[in-house]
There are 2 protein chains.
Amino acid sequence: MGGKAARACGKQAPMAKIDLQPPRGTRDFYPEDMRVRSWLFDLFRQVARLYAFEEVDAPIVEHAELFIRKAGEEIVEQLYHFTLHDRHLALRSEMTPSIARMVMARAGGLRLPLRWFAITQNWRYERTTRGRRREHYQWNMDIWGERGVGAEAELISAITLALERLGLGPADVKIRVNSRALLEETLREGILRNRPEAFEPLCVAIDKLSKIGPEAVCELLCNPAGAVRLAPGEARNVVELLGARSLEEAAAGAPPGSQALEELRQLFQLLEEYGCREWVVFDASVVRGLAYYTGIVFEAYDTQGKLRAICGGGRYDRLLESMGGAAIPAVGFGFGDAVILELLADRGLLPARPRDLHGVVFAFGDAERPAAIALAKRLRRAGHSIELVLGHGKLRRVLQDADRAGAERVYLIGPDEAARGEVKVRNLRTGEEETLPL
Amino acid sequence: MGGKAARACGKQAPMAKIDLQPPRGTRDFYPEDMRVRSWLFDLFRQVARLYAFEEVDAPIVEHAELFIRKAGEEIVEQLYHFTLHDRHLALRSEMTPSIARMVMARAGGLRLPLRWFAITQNWRYERTTRGRRREHYQWNMDIWGERGVGAEAELISAITLALERLGLGPADVKIRVNSRALLEETLREGILRNRPEAFEPLCVAIDKLSKIGPEAVCELLCNPAGAVRLAPGEARNVVELLGARSLEEAAAGAPPGSQALEELRQLFQLLEEYGCREWVVFDASVVRGLAYYTGIVFEAYDTQGKLRAICGGGRYDRLLESMGGAAIPAVGFGFGDAVILELLADRGLLPARPRDLHGVVFAFGDAERPAAIALAKRLRRAGHSIELVLGHGKLRRVLQDADRAGAERVYLIGPDEAARGEVKVRNLRTGEEETLPL
């Protein structure tokens, strides 16, 4: 639209100058950021497709009650929740409860096992520090309806394929595996005797070990106002158990005939068969910070130990029951976009993602415009990404912009070309020029 | 994980049975819904790519002030906003203000014109009725920094390409085009004289014409407590202007030498050159319900007149200024997922979207499992989508599930096959079976 008519329209009072930054802890995605994000998500999607997982999604706003549990989890304390028109709502903090709700809503009609994946944005209200935002994206893969550790093996193998495709190897990333069931078996006849309900908050507390250290964890476990309430000696024994770094060490503390230990052995054997055993280590200190895990748990870390967990997951066989649904075993993981991108950037593994721009079409004047439009249309219908110069640009500026945008070719139509029904095509990579019939 | 260890863990008190439905007005996307959504979004992305638009994104939660304007727009009244930790936040109701904020934040460093697109989820808090939800997805394409109607032509042509690829033609959908600048020019020396600020709320009011009828619009325009405050005769004259259905009719009311009329003529000429003129009609009643439009506006409707607008857009040359930024002309459209999917469903044009599943790999017993895992790995690395049967299923059930899932092949490894280093491959489409070396 021409300037004059537009400018003549009623002037509105300008707003107070708005905040140019997105809300604290959130991100804008400019084209160059979006290309990296799309590249990463496409890679997640490809891996999920190879493993025959189906994509699902749920609303980013849910009933707050879906996310609220009472075991002292950080993720619940940091829930982004609000009341709107008398409804208590929350921005999704994690995808698993929504997936569980969806499974529950169609429990009778879904053929198990389900293999579902999702790539979702999750929110948590927390202090923002370097690399720690209030929203992040997460790739989730979940298997519902399979009791055996074959499900865990399948998921861990998918993670290693994704890491491999990102350019990482077992020397860069290790997946630390443990079993909450093993810990529970070990404590069952001791401190959990007569009070099994202490196990969930106990796991949530010892998950903080690497962040706050053994002393502080002991304090949490002994807190007389807390949910666990151990004696100091008991707490020290628990923390000591977490030091095991091999199945053999862990076996020493486990009760005879431990089923959890047998499952861990099976899992390591399966990972051998998948060819990804070298990515995985046993680590008794991994318990995960979410209350609902019941069995195998795992977390991937960079081997240099610089960053937070790249991804994490585990088995949560009783989540659906705890929500009032049928008992369906489940296992899943979440793989965020933040830490992996930090790691790839650190290692120089973030690929350059140039624009996918085939060509720029430029008419020298209005007379050549119909020919330029027709050419752009033909090239687009042939599948090429084509920028049509809209205004009356100068050739030099057009060439400069085309080059900067990474265009492969420029199609130039001047009066001579138009008269002869031709177009001049300049290849910006090679500098070659040719004249083609329109 | 085995059942026993899991079951023995501490029982938590079940929550009150949770609500199985997502919050009112929102949707779950089960795999079959997600396949349709991905198909539609991929098509939007392909068209945007052909037109050399770059994808961007912004947070779904923004400062509420970004969306709040005072012209009585429905979209502002229905803002999903809330206060959290003393911050007034809102779920994005439309993408344009965020895009404007992003342009403004980097105004100096961006090379114009920009061609940006986004596919975003937008929220509005309103009564839910059939096909009217509180969230929807919208494909946005915007051109920033181009004054001429070449930008409008480019966008309208992209919309027609998308419609065409969805299987629709000009007999199914018409794009109604008008110019707010033409209306403004026509009223400038009359009712807008000395009060140009009445123009925005006037447009917002007359946008309701098709919904509430001419009488109610006249009442709005005459409301002594409103922002427009016309005399009854003036209001009737305005509504009468909206009856024009051809450029010739509109020209009769326009002032001599009307620039807005000239731009409309140029636009129709350009659309002729793009080969999409037959998709477009002039319609003086189209003004759009958003306050910020300044020039050409357009809306696409099904020709049977059954549904709400499929998409809509226009020129908004002064939005950035009104936000306190530089004057950068802009034009864009939003194309929602709701109405187009209704229309495609009505016309039987929604394609069947089966799962993309190449094969199912099944080991008869534990002894054959390593061979099955190795085969699944090889097939996946060759790019095939492979489901590996994890438990100890029965062959009959496995075949049934594979068929139901739409798998092309089933790879069977029993003791005989494993012993000979072979796999039996059954093609579920043809029923043929062959034996191949592992």
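Which residues have the most contacts inside the largest nonpolar core? They are Trp139(A), Met141(A), Val177(A), Phe282(A), Phe335(A), Ile340(A) and Val361(B). This is a predicted model, in which local features need pLDDT of at least 70, side-chain atom pairs count only at pLDDT 80 or more, and totals for chains, interfaces and linings use all residues. Residues are numbered from 1 along each chain as its sequence is written, chains are lettered from A and ligands numbered from 1 in the order in which they are written, and side-chain values use heavy atoms, leaving out hydrogens and water.

**Nonpolar cores**
- The largest core has 81 residues.
- Helix H2 (residues 31-50) of chain A gives the most to this core: ten residues.
- A second, separate core has 80 residues, including Ile413(A), Ala48(B), Ala250(B) and Phe333(B).
- A nonpolar core is a set of buried Ala, Val, Leu, Ile, Met, Phe, Trp, Tyr and Cys residues joined through side-chain atoms within 4.5 Å.
- Buried means under 20% relative accessible area (1.4 Å probe, protein chains only).
- Beyond four places in sequence, the contacts (heavy atoms within 4.5 Å) of Val361(B) include Ala372(B), Leu375(B), Ile386(B) and Tyr411(B).

**Gln78(B)**
- Gln78(B) counts as buried, at 11% relative accessibility.

Notes. Buried means under 20% relative accessible area, exposed over 50%, partly exposed in between (1.4 Å probe, protein chains only). Helices (H or I, at least four residues) and strands (E, at least two) are DSSP runs, numbered from the N terminus.
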